[in-house]
Amino acid sequence: LRERLNKHASVKISVNDMIIKAASLAAIKVPAVNSSWQGEFIRQYKNVDMSVAGDTTGLITPIVKEANHKGLEEISKEVKDLAARAKENKLQPHEFIG
């Protein structure tokens, strides 16, 4: 599937990109996984923000915001951008915290 997708994609789609997309869609199908305890209630989120682990000078996990609404090419571009900026220590706090 990845090979077929990459024949038509404007950027190279990785297995990780496909996992990010699949996991974000799975989290929508099972809302309990995309929720958090807020002390007195459980908040279920409508969007899925996926953290992606990357090794720089230490482990950092930039966030692909609303991955459930993005296509594979958009996820691929965003992950590559986040990874490059993480290696240069140029990520903003909101891009890896939350």
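Is Glu66 buried, exposed or partly exposed? Glu66 is partly exposed, at 37% relative accessible area, where buried means under 20%, exposed over 50% and partly exposed in between (1.4 Å probe, protein chains only). Keep in mind that this is a predicted model, so to speak, with local features needing pLDDT of at least 70 and side-chain atom pairs counting only at pLDDT 80 or more, while totals for chains, interfaces and linings use all residues. Residues are numbered from 1 along each chain as its sequence is written, and side-chain values use heavy atoms, with hydrogens and water left out.

**Overall layout**

- The protein chain has three helices and six strands, taken as DSSP runs numbered from the N terminus (helices H or I, at least four residues; strands E, at least two).
- Reading from the N terminus, the order is α-α-β-β-β-β-β-β-α.
- Out of 98 residues in the protein chain, 26% count as buried.
- Among contacts (heavy atoms within 4.5 Å) with a separation of 6 or more, 43% come from residues 24 or more positions apart.

**Surface and charge**

- The protein chain exposes about 6,800 Å², and carbon and sulfur atoms supply 56% of that; the areas come from the Shrake-Rupley method with a 1.4 Å probe, and for residues only the protein chains shown count as cover.
- There are 15 positive and 12 negative side chains, with Lys and Arg counted as positive, Asp and Glu as negative, and His and the chain ends not counted.
- The centres of those two sets lie 5 Å apart, each charge being placed at NZ of Lys, CZ of Arg, CG of Asp or CD of Glu.

**The nonpolar core**

- A nonpolar core here is a set of buried Ala, Val, Leu, Ile, Met, Phe, Trp, Tyr and Cys residues joined through side-chain atoms within 4.5 Å.
- The largest one has twelve residues: Ile20, Ala27, Val48, Met50, Ile60, Val64, Ala67, Ile75, Val79, Leu82, Ala86 and Leu91.
- Two elements give two or more residues to this core, α2 (15–29) and α3 (72–87), and α3 brings the largest share, four residues.
- As general background, nonpolar side chains tend to be buried together in soluble globular proteins.
- Val64, one of the core residues, touches Val48, Asp49, Met50, Val52, Lys70, Glu78, Val79 and Leu82, leaving aside residues up to four places away in sequence.

**The loop between β6 and α3**

- Lys65 sits in this loop and counts as partly exposed, at 34% relative accessibility.
- Leaving aside residues up to four places away in sequence, Lys65 touches Val48, Asp49, Lys70, Glu78 and His94.
- Lys65 and Asp17 are 48 residues apart in sequence and 13 Å apart in space, C-alpha to C-alpha.
- Asn68 is in the loop between β6 (63–64) and α3, and is buried at 11% relative accessible area.
- The side chain of Asn68 reaches the backbone nitrogen of Val48 at 2.8 Å.
- Contacts of Asn68, not counting residues up to four places away in sequence, include Lys21, Ser24, Leu25 and Ile28.

**Positive phi**

- Most residues other than glycine have a negative phi.
- Glu66, in the loop between β6 and α3, has a positive phi of about 50° although it is not a glycine.
- Asn89, in the segment after α3, has a positive phi of about 55° and is not a glycine either.
- Asn89 is exposed, with a relative accessible area of 58%.

Definitions and conventions
Polar contact = N/O pair within 3.5 Å; in protein donor to acceptor, adjacent residues only side chain to side chain.
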